[in-house]
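Here is a friendly walk through a two-chain model, meant to be read with the structure open beside it. Please take a look, and then follow along.

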Amino acid sequence: MTKNSDPMNMSSNEAEEALAAIQTIAKKTRQSIASGGTYITLIVTGVVWLVGFTCTQFLRQEIVGYIWAGLSILGGTVGTILGFRMGKRVRSPVTGPTVKRVILFWLLLALYGITFIAIARPTDGKQATLFVILFIMLGQLAMGLLFSFSSVWWALPISVLALAGYLLFPSIFYLWMAILGGGGMIALGLYIRFRW
Amino acid sequence: MAELNETIHQPVRLRIMAALVTLEPTDEVDFTYLRDLLEVTDGNLGAHLRKLEEAGYITVNKVFVERKPHTYVSATAAGRRVFQEHVAALESILKRK
């Protein structure tokens, strides 16, 4: 950017460069903040899905339950720690109450999800899995719409992907979700981190 | 008519203010995050932040997080107003073309 020591003699070219610099840094700031939490969520969730669904496809049902429980705890812990570390970059006095509301929202969504599944009585594990995925994606969409519109869009293709796998390829549904769902989320997270 | 601001006019300070006003008014940003975002050195950023703080355009908040010192920076209401006026002045120069 051209530097003019006296702003009162600024030319239109210099003004244009200054405005472009402002727009560039504002865009970079917005993207940096928006992508910070998004790529961590995507990579952690993607790894959990990749391992969990692959195990579900190939291992015995009684073992799979333990694997999912372990993965959920591990994913939740890693996501929280990394999210907390990222959160230190930008602080807000309104963060505390917001975090409480977010936790309450997810708890209520889980409660509604469990109630829904209990009433609907899914015929098999695949149907129950699809319900869980759709509820999680619904929650992600709500979070994105409330906090950062740029992080909304990825929940929609994942929902479509899950529905397509369930309806079109039921025999390899879990593998489908592992590779396309989990792998896709990891790839997208890495893309946002390094290329966005 | 809006006027250009001599303090904000400097390119690094202009970019600092652009980053800070992009945040929500209640948010503050970590020094190292701002340094990496703007791709400047610690000393350079520190010097420009002092100028902006002296002018009353930003607030520098030094706190301990998990026993480690952190410096958080945010734009003041005056800083936001002056920055918007500076942007309006830049736009009016372009319109004169």
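In chain B, 36% of the 97 residues count as buried, where buried means that 20 or more other C-beta atoms, placed from the backbone, lie within 10 Å of the residue's own. In chain A, 23% of the 196 residues count as buried. This is a predicted model, in which local features need pLDDT of at least 70 and side-chain atom pairs count only at pLDDT 80 or more, while totals for chains, interfaces and linings use all residues. Residues are numbered from 1 along each chain as its sequence is written, and chains are lettered from A and ligands numbered from 1 in the order in which they are written.

Two residues are in contact if their C-beta atoms, placed from the backbone, lie within 7 Å. Among contacts between residues at least 6 apart in sequence, 59% in chain B join residues at least 24 apart; for chain A that share is 64%.

Now to the strands of chain B, which pair if DSSP finds at least two bridges between them. Strand E3 (residues 68-75) runs antiparallel to strand E1 (residues 28-30), joined by 2 bridges, and B:Val29 has B:Val73 of E3(B) as its bridge partner. E3(B) also runs antiparallel to strand E2 (residues 58-65), here with 8 bridges. B:Lys62 stands opposite B:Thr71 in E3(B).

How do helices H2 and H4 of chain B pack, and at what angle? Helix H2 (residues 11-22) meets helix H4 (residues 42-54) at about 75 degrees, with axes 10 Å apart. The two are therefore roughly perpendicular, a label for angles of 65 to 115 degrees. From H2(B) come B:Val12, B:Arg13 and B:Ile16, which meet residues of H4(B) including B:His48 and B:Leu52. By class, this contact has 4 nonpolar, 2 polar and 2 charged residues.

Finally, chain A has helix H6 (residues 173-194), whose 22 residues should span 32 Å at 1.5 Å a residue; the end C-alpha atoms are 30 Å apart, which agrees. The expected span is 1.5 Å times one less than the number of residues. Among the buried residues of H6(A) are A:Phe173, A:Trp176, A:Gly182 and A:Ile192.

Methods. Helix = DSSP H or I, 4+ residues; strand = E, 2+ residues; numbered from the N terminus. Buried ≥ 20, exposed ≤ 12 C-beta atoms within 10 Å, placed from the backbone. Axes fitted to C-alpha atoms, helices over the stretch in contact; angles between N-to-C directions. Parallel < 35°, antiparallel > 145°, perpendicular 65-115°, else oblique. Nonpolar A, V, L, I, M, F, W, Y, C, P; charged D, E, K, R; others polar.
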